[in-house]
Structures are given as structure tokens and as C-alpha cells.
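Please read the following note with the sequence and the model open side by side. The points are numbered so that each can be checked in turn.

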Amino acid sequence: MKHNSFYIFFLSFFIIGFLCVNAQEDEEDYSIYDDFELENDTPIKRYAKPTISGMSPQKFIGISFDAQMPYRYEFSNVTFPESAGNGFDVDEENPNINEQGTAKFTGGLRFNTNIPIISKSSFVWQSGINFMDTRYTIAEAPNAPRQPVLLPDGTQARSLGQILNEDGLRNINWTNTFFFPLNETEFIVFQSQMDLSGNYDLDTFQSLNTLRYSAAAVYGRRVNDYYRWGVGVARTYRVGNLNYVPVIMFDWTSENRKWGTEILFPARAYVRYNFSKNALLLAGFDLEGQSYRIDDYSINGNSYEIRRGEVRPKLEFQAKITGYIWASVQAGYRWDWSYDADELDANQDFFRGFFGNQEFGMVNSLENPLFFNVGLNFVSP
Amino acid sequence: MKNTFFLLAIFLFSFIGNAQDADDIVGVWEPGHGKAKVKIDKIDGKYYGKIVWLKEAKDPATGEPKVDKNNPDESMRNVPLRGYRILKDFVYQGDGVWEEGTIYDPENGTTYSCVITMKDENELDIRGYVGVKTFGRTDTWRRLILKKK
């Protein structure tokens, strides 16, 4: 009996105590916190956040496989305008077709990283190494161009179809992105990128003096949690050859967070639909490209480069698999913007723009197939 | 006997000293964006922080007090943000560091792992991260005190 009374008393004590604590918490007078302020009067600088609400998750590490459906190609004669120096170039309007064939498969593994090095309210620096392997399976007679490919010294070289079939193309780049918030609204984004692109193997690396440099700077305003815009300029290889282009950023999310845009034109532009917090659909396009050095044709100290640029209108579905691992599936159309070639003087690139009259080394065309891409990403939601 | 007493005294003092360090985090803090005030309390040996003040207390769309409308758990979406515990389960590790806790971001409804480091008595570095600490972002919170009237 004694024991029972003790237990009842003990239990009552805890129940009453628990209720009191909760009552205290529920009835807390929050108005007292109006009078809390910083200890000293030094003004606090507030900073714009580097994202807005509702955007697709930021990818820290990603691995994907990209595949294009079969397509026909036509490659012109291989000419060496820089080595020959005598106007020995390709007729841009009606190039002599030297190779025709079908690429049964184009694609390969892609590995992307974007690691926060410094990530504070006042400054963000993210850095990443990215690798893109593009393998080709050429169906028809890659060894049979209409005319053999002859270098200026008369040596016979492999045809481009044969090179693609045997070596493929690779790109490794190191990208650094810096986000500088100026205040609560304004920010500047600066991105720099170094690319090494060519038909090299990973065990016989390409010379580092063939590195190509890209950069972009954007001034933006984060108007509110649902909208930001920016304008800037970029030096880019996204259409294959070197270009200087304006950049427009326009990220927006509807108030119900279902719809939005993620635009960094011309690199990419999407309309976004969020099915839920864990699944979304992007519809839009990517602009992809690099300048790939073809080692076989790079003679006399020059660099012979395929200016591969492609527009990829696509649908991309992203969904959470577990934790911070998300899957992505893309399907779209690979539209050939450029697959022409330039012979660069001593690895020095040039800007042709709309009005440049530099002669092409090759003028090539590709049919436009469907493409698919599946990937896994480690993300920050 | 004297030695035993001396050692016991050192032990007690060091324990009290540690306890004081651990409780330095208790108080009212302002996140870097300045849109809220968060009160950190000690409950059963762990540290928790709840929103006690919002710069914009009412949802402009409804005119009602703001609720946790982005919570992935639908049953929580009507819970008022004021009073919401966004810091949970922090344990003092020594050297001005609290770990093993989480931080909830009401703006996107995501809960991140979190480590809190006291820079000085009036500033905390709050680092929310996914997986490992590398994949995160640090925000600086500042201590608030009751205004003298």
C-alpha cells in the first residue's frame, strides 16, 4: 500500500510537472521578443541567397550515361588553311563531301562535380572537375573516304570517321563558380572554366597548352524569394568555336511553387513543373559544345579542332530516390549547330563571330537524332 | 585525503566549467537574413531552438499568422511558424561546438544535418549540410539581448 501511494505521488508529480511545462510553452508571451535586439548598434550586412525557392536541387556529384540514336553524317575534305597559308580551304556553301556514313552510337559516360569550397552567407565558391566521354560506333566503311586524307607534307592520315570510331572524343574541365552577394538584393556571379578536349586517351594526355578558357560574369537582383534576374557576358565555347555572348538569367517560381523557370541563356533555359517536393519536370534546352583537338591533323605546331556545338531541346524528369540521391532521365533532340573544323595557329584561338572571314578546315554536317540520358546525382534539396 | 579532496574539487570545477560553456548557446539569436529570432533552450541535456519572432508574422496572402506550409508532412502544414522548433537535438562536444542536431529550413521544408560553432560569445556559425560537412552552407547568427527600457 505504501509502495502504491508512493508510485501514485511520483507519477502525479511528473504528470503535473509535464503539463505545467507544456502550458508554459503554449502560453509563452512572444511579444517580449519584440524588444530583443543586437547587443551593439553596428549595422548588420544582409546578403542575397544564392538560390530562390522551388528550384531544382543543386547537384554536387553526378554520374550519367548519354546516348544518341543513329544518324547520318557528311564530312568534307580535310584542309589545312593555316599550314598551307594559300587559301586552301573548304567551300563553305558547297563543301566537297569526302566521307559519308552512319554513326550507330554516339555517347558515353559523364561525371560531374560541383563541390562547395567556401560556402557562407557572404560568399560562395564552388569548384568541380567534370569529365565527358563521347564514343562513336561508325557503321559504314570508316576506312573508306573518297580520297585519302593527306597532311600538307604528303603523309596519309586516318579519316575523321576512323578517328571517331577508334578514339572517340573526350572533355575534361575544371569549373569554378563564385557568388558574391553585394547586399540583400544584388549579387554578382563569376564563373571560370578550363577545358581540355580532344581525341586523347587518359594515358596519353593532351598537351596543357591546348587548354581552352571560358568565363562568364553576371550581375543579378534577387527581387524576392521567388524571383531573380541577371544580365552579363560570357566568353564561351558552347557553340563549338570561341564566342562572346550576352547572358540572361531569369529564375522564377510561382507562389504555389508548382511552376517556374530556370534560365541562364544561352547555356540553358527550362520551364519547370514541380509534381511534389521530390519530383519535377524540366522542359527546355541545353546548349552544349567544345572545341576538340584532333591530334592526327595537328601539325606544324598548329591545333586542328572540331568545333562541336549542339542544341538539345529536351524533357528532363528528376526524382528523389532516397535521402539526397536523385535520379534524372532526359529525352530530347540533338540538333547539330556545328561540327566544322578550324586549324588554329600555334594553338592560339580566334574569334570568328558573324563577320570573321577565317577559313574553315572542314565543313561537316550531322543529321539530328533523338538522345537519351540517365543519371544519378547527389544533391542538396 | 587532502589529495582526494583536491582532485574532487578539480573535477567538480571542470565539470561546472564545461556545463557553463555548453550553456553559452542558450539565448535569443538572429539568423543572417534577419527575418526571424530564434530562442535556444536546453531540454534534457540537449539544445533546441524555436522561432520566437518573425519580421513578417502574417502571411500576406491570407492575413493569418504564418504556418509551416512547405513542410513535406502535410499534417504539419497548419502548424504556426512562431513557436516552431527548427533546431533539434544538439549535444555539446566541447570547444564551443554543438553537433548531432538538425536544422529545419521552413523556406523549403528541408531538414539538414547541422553543426553549431560559437565564434565568440555573441556569434554562432550554423552550418547546415547534406551527408558530410563539405556539402553545406554556413550562416552567422548573432546574439540578441533584451532592450533596456
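Which residue of S8(B) is the bridge partner of A:Leu38? The partner is B:Leu144.

This is a predicted model, in which local features need pLDDT of at least 70 and side-chain atom pairs count only at pLDDT 80 or more, while totals for chains, interfaces and linings use all residues. Residues are numbered from 1 along each chain as its sequence is written, and chains are lettered from A and ligands numbered from 1 in the order in which they are written.

1. Pairing between the chains. The bridge of A:Leu38 to B:Leu144 has its setting in the antiparallel pairing of S1(A) with strand S8 of chain B, residues 136-146, over three bridges. Strands here are DSSP runs of E with at least two residues, helices are runs of H or I with at least four residues, and both are numbered from the N terminus. Two strands pair if DSSP finds at least two bridges between them.

2. The contact as a whole. Chain A gives 23 residues to the contact and chain B gives 30 residues; two residues are in contact if their C-beta atoms, placed from the backbone, lie within 7 Å. On the side of chain A that touches chain B, strand S1 (36-38) and strand S5 (115-120) each supply at least two residues. The largest share of that side, four residues, comes from S5(A). By type, the residues of this side of chain A are 11 nonpolar, four polar and eight charged. In this count Ala, Val, Leu, Ile, Met, Phe, Trp, Tyr, Cys and Pro are nonpolar, Asp, Glu, Lys and Arg are charged, and the others, Gly among them, are polar.

3. Domains of chain A. The assignment for chain A gives domain 1 (2-35) and domain 2 (58-380); such bounds come from an automatic or database domain assignment. Taken over C-alpha atoms, the centres of these two domains of chain A are separated by 64 Å.

4. Nonpolar cores. A nonpolar core is a set of buried Ala, Val, Leu, Ile, Met, Phe, Trp, Tyr and Cys residues joined through C-beta atoms within 7 Å. A residue is buried if 20 or more other C-beta atoms lie within 10 Å of its own, exposed if 12 or fewer, and partly exposed in between, with C-beta atoms placed from the backbone. The largest core has 31 residues, and B:Val38, B:Ile86, B:Ile103 and B:Ile116 have the most contacts inside it. Among the elements of chain B that give two or more residues to this core are strand S2 (36-43), strand S4 (85-94) and S8. Another core, of 22 residues, lies apart from it and includes A:Val149, A:Tyr297, A:Tyr304 and A:Val363.

5. Not counting residues up to four places away in sequence, B:Ile103 touches B:Ile86, B:Leu87, B:Tyr112, B:Cys114, B:Ile126 and B:Gly128.

6. Annotated spans. An unreviewed UniProt entry places "domain: DUF2147" at residues 27-143 of chain B. That span is 0% helix and 56% strand, and its end C-alpha atoms lie 7 Å apart. For chain A, an unreviewed UniProt entry places "domain: DUF6268" at residues 169-378. Here the span is 0% helix and 70% strand, with end C-alpha atoms 26 Å apart. UniProt positions are given in the numbering used here, feature names are shortened, and annotations may be inferred rather than shown by experiment.

7. A hairpin in chain A. Strand S9 (residues 169-181) and strand S10 (residues 186-198) of chain A run antiparallel and are joined by 12 bridges. They form a hairpin with four residues between them, and A:Pro181 stands opposite A:Phe187. S10(A) also pairs in the antiparallel sense with strand S11 (residues 212-224) of chain A, over 10 bridges.

8. Is A:Val189 buried or exposed? A:Val189, in strand S10 of chain A, is buried because 21 other C-beta atoms lie within 10 Å. Leaving aside its neighbours within four places in sequence, A:Val189 is in contact with A:Thr177, A:Phe179, A:Val218 and A:Gly220.

9. Backbone details. The peptide bond from A:Phe265 to A:Pro266 is cis, with omega near 10 degrees. A:Asn300 has a positive phi, near 55 degrees, and B:Asp89, in strand S4 of chain B, has a positive phi near 65 degrees.
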